[in-house]
Amino acid sequence: MIKPIVLWSDIFIFLLVLGLVGLFTYLKPSSETQANWRKVFESRLGFCTFMILCLYIFIALLDSLHFQKPLPSTEESSQVFYSNEVLSILDLIHVGMLDKEEKTYSAPFAMYSYSKENMFSDSGQLYRDFPRLIHGGSHLRDDSERMKDIVSKTLFALFKGIIISSILIGSILLIRRTYFYGTFLPVNSACLLLGIIVTGWIWVVELGAYYHILGTNKVGADVLYQAIKSIRTGILLGTLAALFAVPFAIVFGISAGYFKGKVDDAIQYLYTTLSSIPDVLLIAAAVLVIDVYIENHTDQFNLLIYRADFKFLALCAIFGLTSWTGLCRLLRAETLKVSQLDYVNAARAFGVSHTGVITRHILPNVMHLVIISTVLNFSGFVLAESVLAYIGVGVDASMNSWGNMINSARQELSRDPAVWWSILSAFVFMFILVLSANLFSDKVRDAFDPRGLRRMRLDL
Amino acid sequence: MYLATFNQLNDTLCSDELWLMINFTSVQVSSRVVLVTSFLMAVSVGCADKNGNWNNPHAPEKENIRVMYSVFTSPPKNLDPVRTYNLDEATLIDQIYEPPLEYHYLKRPYQLKPLTLKELPKLEYLNADGAIVSEESEYVAYSRYTFELKEGIRYQPHPAFAVNDFGQPYYSFSNESSAKKYRVLADFKRVGTKELVASDYIYQIKRMADPRLQFPIWDIMSNYLVGMKDLRKQLVQARRDNPKVWLNLDTFSLDGVKEIDQHTFQITLHKKYPQFKYWLAFHFFSPIPMELDRFYNLPGQQEKNISLAFHPVGTGAFMMTKHDASSEIILEKNPNFSAQYYPYEGEMKDESIGLLMDSGKPLPFLDKIIFRLEKEAIPIWTKFLQGYYDRSGIGSDSFDQAVDMSVDGIALTDEMQRKGISLNMTVEPATYYLGFNMLDPVVGGYSEQQKKLRNAIAIAYDEQEQISIFRNGRGEIAMSPLPPGIFGYQSGERGLDKKVFDWVDGKPVRKPIEIATRLLSEAGYPGGRDRITGKPLVLNLDTTKNSGDAARQNWLIKQFNKLGIQLNIRATDYNRFQDKMESAKAQMFFWGWFADYPDPENFLFLLYGPNSRTGSGGSGVNSTNYNNQRFNELFNQMKVMSNSPKRLQIIGEMLEIYRKDRPWASSFHPTTFILNNAWVKNFKPHGISQVTLKYQDIDIELREKRRDEWNKPVVWPLWLFASLCFLVVLPGYLAYRRRQTQKVI
Amino acid sequence: MWSYIFRRSFYALPILIGVNFFTFALFFLINSPDQMAQAQLGIKHISPEAVHEWKKARGYDLPLFVNDERNGFDTVTETIFFEKSVRLFIFDFGKTDEGRVILDEIKKRMWPSLAVALPVFLVGLAVSIFVSLIVVMFRASLFEFSVMVVCVAMFSISSMFYIIGGQFLFGKLWSLVPVSGFVADIGALKFLVLPIIIGVISGFGGGVRIYRIIFLEEANKDYIRTARAKGVSELAILFRHLFPNGLIPILTGVVVVIPTLFLGSLVTESFFGIPGLGSFTIDGIRAQDFSIVRSMVFLSSVLYILGLLLTDISYTIADPRVRLT
């Protein structure tokens, strides 16, 4: 039996997803909100970027289901003990990449190592040359077969991918005809994108079994695998930071704008103070504090992964802390405006309680600000992580993240010949996510706030 | 009023931009782009050096000035010779200060020779009554060193030595307000010099007792040097009485030192301390004249950092003329330096590799050494290859570019050879190790089982693989704590660590993992599980935070997994790590030691029980807290002996005890590879001493030539960029024209 | 207006005290003064006396917030917090743990910082505004679409990539500029070219995105339509009407960052070896040098508050209807 391991960040991310789904099904958004979302998803760009984001989130969720494998049992004791290596469901899918470790660098699709090694010839002579990789291209006899093999495997994978995706797309189209006839979603482009994703994935799995598609890193771990594992870090960082920031911003922003007076002064003092501390310094100081906390409570963090996870959560929280002030200011201003409206005054006159007014009249009217700022902040957090990794206050070094990859890639680029695939992989994976998030957030902003908030970027 | 100007501003801006837009005809546009590019070039050319290298990071130098370009990676913390105890700072100040002795530049094994002395200090042994006895005598209570200084050695020019017509110090003021006009050291325009005398050395020795100065090896020196503890007591009292006033240490007495005449003095130590002679070549024993201390302690000077910590002053070949920790530190030739010459003798091979070409020529050869702050390894390497730094180490990432391991051994790659770069390899007199905390209930202790557990780990931890993956083979597996070049080190089968290695076909081979598994089973953990409870054995490795990335962590975990042991890596920041070491909470850890002097005592004391870290309030060097009675006894015996077969035999016995107890799982001696560009002459690395720059030389013509060859700027990207701009602008302009002339209907 | 400025400066006091309190609390949670001393004193041979001397020399031998050994007013004043933070208000930053005078360092290092940050700011602003104007001129065309795609793409790339890539291409591959370094005279130009270009490029995408929206909104206003109806050429509309009017919200928006330009950029400066305040701060963080971090936090808070004040004032200048009371 495997033993499930539940990290705090896993709990939070699943809670967040469940919460969002619950919110949308039970809250029955107003027709105006529905229309706005419709505007987002109607556009091809909006829907396709949404799909890409969903793919990333899906991978992140898969990677958030952790477990430990049991150790082989011994005769002495019947009790089962578990390995302290924590795996996730995603590792099971990409098991080939996890296990197939080389000794050190190898280029994408290489079958020889990237650095020379001392070896002994049959006659016992010492010489230095590029050794064969243990796994990458190990089924080949020599280098001349490689190109042919890659091409044939690619063709096969494409063929397989196209067949599977046509089946998928066909069934979607069939369902569409019967159920969603006349849907507003851009089904054709969505299907095309789906086909590309599915085919691409199949290609990765097919070729990943024989080669290191994006090469290996310094200790011979597969770079593609690292980049995929980093998805969880990126996604969680962006979403959990929002999870921490939004409640603060809502509570403080609305109360400041609604109650005014002393409450307003106190909250304004709080956020001016916080926002006048430079973010980087705040983050650096907080991360160092967390390190100390972990050190003083080592018994709670007996596994490396717990420690990394706790630090990661703290980083999310501190990201939240640095970002809530902007949203808070916006909410305060908007609440000031909304609470002057006649119907709010009327509600008060009828004796509706403060909580009633806030939840029923004010909150719905400022919710769009929350949505927009959350989506806008998301890409900023993902980008910030790489900078923090450089300063040395980013996520734990044992965690896979694009920031850590870029940081180590700096050294690799100065090698000659340069090791370019690590930085390229981090770049591509990060770029796709951030680009999608940015395009999607543009769409969301256009839909929810065609005029009012265009200057939000300036304020934030 | 303000608004009006604002509008005007707008107007001018508009017309300017309009002009730009109107001129958007194709020919003119391209000429503008060319203009822009040529401006860029003009800027670059304007600041290129005289040969047109755009990327020269150094300011131009005067003709025929021999400048060496070097780096420092972190700002020096304190350059006071009584404080400094690290390599980076020593690289700077050891060129400036001259202790009584120095190491011979070329000879190996390391050999001491007089520097400011006429000859090596005369050593006599005294009994408790002060009468001279022989070395072997059992009544030896004191050892007395007599130093005779050379005459005519003069200090670098410095304002502290400036005197007025009456021979009184020129700069002297009693309150801060009169010090206001001197903001930095360079504001003191008048300089002077003085002769090196015996009291300068004595003054520095007294400074060691000053509690404010935090002398790093106080524990050692105060135990040997007669009267040091008394002097400290006096100084503490004096400081308490007058906390703000400068103390002239000449007014305090120290029993252990005696000035015989202006050029002769004596130092008396308790008992015997043969290693003392090595300290005499260390900058701790540099001369500091009272005049200098007085000058730096004038009112307001310390606050402005006009102090020894920032501005060293000495008699050496170089003097520090600029100290800007945020960008560069400059050493220049000391004009008062004379009468030192390049050595005639060296090792056998030195003559053939041209190290004796300059024999007998006066030192130093260089006029100036510029140390630039470079925090990152990458720019150093790139600039070295561009010829802008004269010397570089090799990081593991640039290794394959630089070095080729071939049948004949290690050689430079073709690229490096084409550039004329030369390679120096030296095994450092240093040892890095993976230590166990011997006070830990699991991995520590002295029972047979605990020893077996440690031995099993020692076999499983493949140091060779670590060296080849993470250090590119730049290291030598250690068979004992003693590195090569230190007395007691033995190569070949005689020095083999038989608990971990077998001797097969003339080389050491790590014992097979099965033996480790068996040992682990005998230790009570078959398959890495507790024999009784079946619980997996989880060990903790404590590291500092930045001591390795995920890759290295995975590798470490793999090593212990070979035995079924689960490894938990606890990374903390440096402070916390120190805390843990002090309170013996760490379980396993990495540590290292660089030799202070070439004597086995300097390494074996890392395992001497009374030096253990926890017992000594954190000042001990024995991080493992290893304590073996027999080992301690032998250590005390070995310590006071001079190198002899008897000493070797005792060391051998100590090493056997160490191997049986195995407080260190594994250790290695780092090798440094140093690359020099072809124009660097007379370079020979010295493992212990940093006093090397005065011997070195630069061929500046060759450097100029090579720099020109290597740094031809590639201009086509600029043109490509210009044409790209043009390609974007042209259709834009056409589209605009079309739009303007479009009919509305 | 003067009374407003005076009052606002007065309001800044509690904020600065709050900032100080916050940084103190954070940093002393991390490290006790003993640990700081150890980190500074090095690895070999540290004795308790040395630690004590170190603390005493830097004033860390007092209690943190409350001194129980003193009476009355002194319980608060004879503490590390009071001693250190009151001095900040008269810009007496003290010395770093390594013994350098922080104020001198700041004075010396702010010029290199400014030498990078100011051109990046000005050139970046000019380029972004210019491009966004052109984009607005060609609105609803393929040109606009492609420029915006490029902008979003550029905006989605981490600044690390620009720096690493730029250094690799311009410094290493093409030998056009020095890889890194700085000199404190006119020769600094060649060191600054690359960081400035990279700074401008990495800010370009984001800038164009915002300014385009501002100009677009302006372009939909009535007076523009009137001007076009009169037959004013497209260029004249762009630069005579759109540009000055759109500039106002842009300028009032960016005023807040002007004072903070002195602080420089953390990452760029360390990568290019520019001895500015940004790299000073990073060194402080990495060495856990509390006195540097505290001073830099304080300084940037002051500059930030100054920026807010400038923003308010710039509103009154841009729009005479706004009165500061």
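**A walk through chains A, B and C**

Set aside the neighbours within four places in sequence, and A:Asn36 is in contact with A:Ala447 and A:Phe448. This is a predicted model, and every value here is computed from it. A:Asn36 sits in helix H2 of chain A, which covers residues 31-42. Its relative accessible area is 10%. Buried means under 20%, so A:Asn36 counts as buried.

A:Asp264 belongs to helix H9, residues 261-276 of chain A. Is A:Asp264 buried or exposed? Its relative accessibility is 9%, so A:Asp264 counts as buried. Not counting residues up to four places away in sequence, A:Asp264 touches A:Ala256 and A:Arg332. Now look from A:Asp264 to A:Ile196. These two residues are 68 apart along the chain, and their C-alpha atoms are separated by 52 Å.

Step back to chain A as a whole. The chain has 16 helices and five strands. Of its 460 residues, 53% count as buried. Take the contacts in chain A with a separation of 6 or more: residues 24 or more positions apart account for 72% of them. The accessible surface of chain A comes to about 21,000 Å². Carbon and sulfur atoms hold 65% of that surface.

Part of the surface of chain A is a nonpolar patch. Which residues form this patch? They are A:Phe156, A:Phe159, A:Ile163, A:Ile164, A:Ile167 and A:Leu168. Together they have about 570 Å² of accessible area. One of them, A:Ile164, lies in helix H6 of chain A, residues 144-178. At 35% relative accessibility, A:Ile164 counts as partly exposed. A patch residue needs over 30% relative accessible area, so A:Ile164 clears that cut-off.

Chain B comes next. It has 21 helices and 25 strands. Buried residues make up 57% of its 745 residues. Among its contacts between residues at least 6 apart in sequence, 71% join residues at least 24 apart. Chain B exposes about 32,000 Å², and carbon and sulfur atoms supply 54% of this area.

Now turn to charge pairing. Side chains of opposite charge can pair when their charged atoms come close. Over all chains, a search of the whole structure finds 52 salt bridges. The side chains of B:Lys194 and B:Asp200 meet in a salt bridge, with 3.0 Å from N to O. Both B:Lys194 and B:Asp200 are buried.

Another bridge in chain B joins the side chains of B:Glu709 and B:Arg706, at 3.9 Å from N to O. The cut-off for a salt bridge is within 4 Å, so this pair qualifies. How are B:Glu709 and B:Arg706 placed in helix H20? They are three residues apart in this helix, residues 700-710 of chain B, so about one helical turn separates them. B:Glu709 has a relative accessible area of 45%, so B:Glu709 is partly exposed.

Chain C holds a bridge between C:Glu105 and C:Lys108, whose closest N and O atoms are 3.7 Å apart. Both residues lie in helix H6 of chain C, three residues apart, or about one turn of the helix. C:Glu105 is buried, with a relative accessible area of 8%. C:Lys108 is partly exposed, at 36% relative accessibility. Salt bridges that share partners join B:Asp324, C:Glu105, C:Lys108 and C:Arg109 into one network.

Follow helix H6 of chain C onward. This helix spans residues 102-137 and packs with helix H7 of chain C, residues 142-155. The packing angle is about 145 degrees, and the axes are 8 Å apart. From H6(C), the contact uses C:Val131, C:Ile134 and C:Val135. From H7(C), it uses C:Phe143, C:Glu144, C:Val147 and C:Met148. By class, the contact has six nonpolar, no polar and one charged residues. Glu counts as charged, so C:Glu144 is the charged residue in this contact.

The last stop is helix H13 of chain C, residues 277-286. How many of its 10 residues are buried? Eight are, and the helix is mostly covered. The buried residues are C:Leu277, C:Gly278, C:Ser279, C:Phe280, C:Thr281, C:Ile282, C:Gly284 and C:Ile285. After H13(C) comes C:Gln288, whose phi is positive, near 50 degrees.

Notes
Residues are numbered from 1 along each chain as its sequence is written. Chains are lettered from A and ligands numbered from 1 in the order in which they are written. This is a predicted model: local features need pLDDT of at least 70, side-chain atom pairs count only at pLDDT 80 or more; totals for chains, interfaces and linings use all residues. Side-chain values use heavy atoms; hydrogens and water are left out. Axes are lines fitted to C-alpha atoms, for helices over the stretch in contact, and angles run from 0 to 180 degrees between N-to-C directions. Helices (H or I, at least four residues) and strands (E, at least two) are DSSP runs, numbered from the N terminus. Contact means heavy atoms within 4.5 Å. Patches are made of residues with over 30% relative accessible area and no salt bridge: like charges are joined within 9 Å, nonpolar side chains (Val, Leu, Ile, Met, Phe, Trp, Tyr) within 5 Å. Accessible areas come from the Shrake-Rupley method with a 1.4 Å probe; for residues, only the protein chains shown count as cover. Buried means under 20% relative accessible area, exposed over 50%, partly exposed in between (1.4 Å probe, protein chains only).
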